[in-house]
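Welcome! Take a look at the structure below, and then we will walk through how some of its parts pack together.

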Amino acid sequence: MDSARSIRNQTRREMQHMSANTANTAHSVTVLGLGPMGQAMVRAFLAAGTEVTVWNRSPEKVDAMVELGARRAATVAEALDANALIVISLTHYAAMYDVLGQARDHLAGKVIANLSSDSPVRAREGAQWVRSHGARFISGGVMSAGDNLTHPASYIFYSGPREVFDAVSILLSPLSPQEYLGADDGLAQIFYQAGLIVFHPWMLALDQAFAVIERSGHQIDQFLPYVQRATQAYPHFIEEFAAAAKVGGWGTEAGLRMMDAGAQHIIEASEEVGVDATLSHASQGLWRRAIAASEQEGRAVPVYEVISGGPA
C-alpha cells in the first residue's frame, strides 16, 4: 500500500512539474532515436501539434526532423532537460543504456517510455535501471504496418505501472491506438514478440511463394489476388488454433501425417525451380517431431505440445 501511494504521489508531482515548467508542457515530448520508427513517431507528434525535441547519434537524421519542425538537442542531457516525457525508439534495450548513460544524472523526475523491441526480461531489467536513477518507466511494443503509425491496423502495446501510463497516455496518443496490458514491465514485449512470431514466418513464406511463381515462369501479379483471397480464411484458423491450444493443441495422427506430406510437396515444388525451402523444411521438421512423439506416446501429440516443451 505504501509503495502504491508513493508511486501515485510522485506521479502527481511529475504532472504538476510538467504544468509549471514552460519547457515541460503537456504538449511537448522528447524522442531519442531517429530510425524509421523514431522518425514516424516524430512526424505523428508534429502532425498532432505536439512540440518535439529530438536527439540522434546521426546528425543528418536530426536535420531532417528539424526541417519538419522538431527542435534539436545537441546532447542527451539537453534532450532530457527539455521535457518530462522521453520516448525512446532504439534497436534494443542495450542502446538505451548507452544513450541514457551519457546523462543519467538528468533522469530524475522524468517518465521514460521505451518503445524499442527486446525480450521481456531485458524490458524488466531496463525498467529497474531507469527507476534506480529516479525516473518512471513504461514499456511499449509498436504493432504497426511497417512504420505507418496511422494505418488502421496499427496499435501499440503498453505495460508498466498504471499510474505512470495514465499520466502520459494523452501525450502518447498521437502515435497509434493504445492497448494497456498491465503492470508487468515485460508484458508489452511478451505480446509484441508473440505478434512478431506470427509475422516473421508469414513474410518469409510470401517471399518463397512469390519466388516459386516467378521461377516457374509466371507473373506474381496473377497469383497475388489468390493469396489475398486465401487470407480471408486466416481469422477462422486463428480462432480454431486458439481454441485448440487451450486444450492441448490441434492435430490427430492422420492430420499430422497429412501436414508432413503437404510440407514435402511444398519443398519439392520449391526446390524443383531452385527456390530455397528452408522455411518449409523447418515446418516439416516440427510435423515429423510431433509424429514421432505420437508414435512413442501411443496418442496424438500436437505440434503445440512439442513446441511448448514436449509430452508431459
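Are helices α11 and α12 roughly parallel or roughly antiparallel to each other? Their axes cross at roughly 155 degrees, and α11 and α12 are therefore roughly antiparallel (an angle over 145 degrees). Keep in mind that this is a predicted model, where local features need pLDDT of at least 70 and side-chain atom pairs count only at pLDDT 80 or more, while totals for chains, interfaces and linings use all residues. Residues are numbered from 1 along each chain as its sequence is written, and side-chain values use heavy atoms, leaving out hydrogens and water.

**Helices α11 and α12**
- Helix α11 covers residues 253-271 and helix α12 covers residues 278-297, and their axes (lines fitted to C-alpha atoms over the stretch in contact) come within 9 Å.
- The contact (heavy atoms within 4.5 Å) includes L256 and I267 of α11 and W287 and I291 of α12.
- By class, the residues of this contact divide into eight nonpolar, five polar and six charged.

**Helices α5 and α6**
- Helix α5 (residues 93-100) and helix α6 (residues 120-132) have axes that come within 10 Å and cross at roughly 20 degrees.
- α5 and α6 are therefore roughly parallel to each other (an angle under 35 degrees).
- Among the residues making this contact are Y93 and M96 of α5 and W129 and V130 of α6.

Definitions and conventions. Axes are lines fitted to C-alpha atoms, for helices over the stretch in contact, and angles run from 0 to 180 degrees between N-to-C directions. Helices (H or I, at least four residues) and strands (E, at least two) are DSSP runs, numbered from the N terminus. Angles under 35 degrees count as roughly parallel, over 145 as roughly antiparallel, 65 to 115 as roughly perpendicular and the rest as oblique. Ala, Val, Leu, Ile, Met, Phe, Trp, Tyr, Cys and Pro count as nonpolar, Asp, Glu, Lys and Arg as charged, and the others, Gly among them, as polar.
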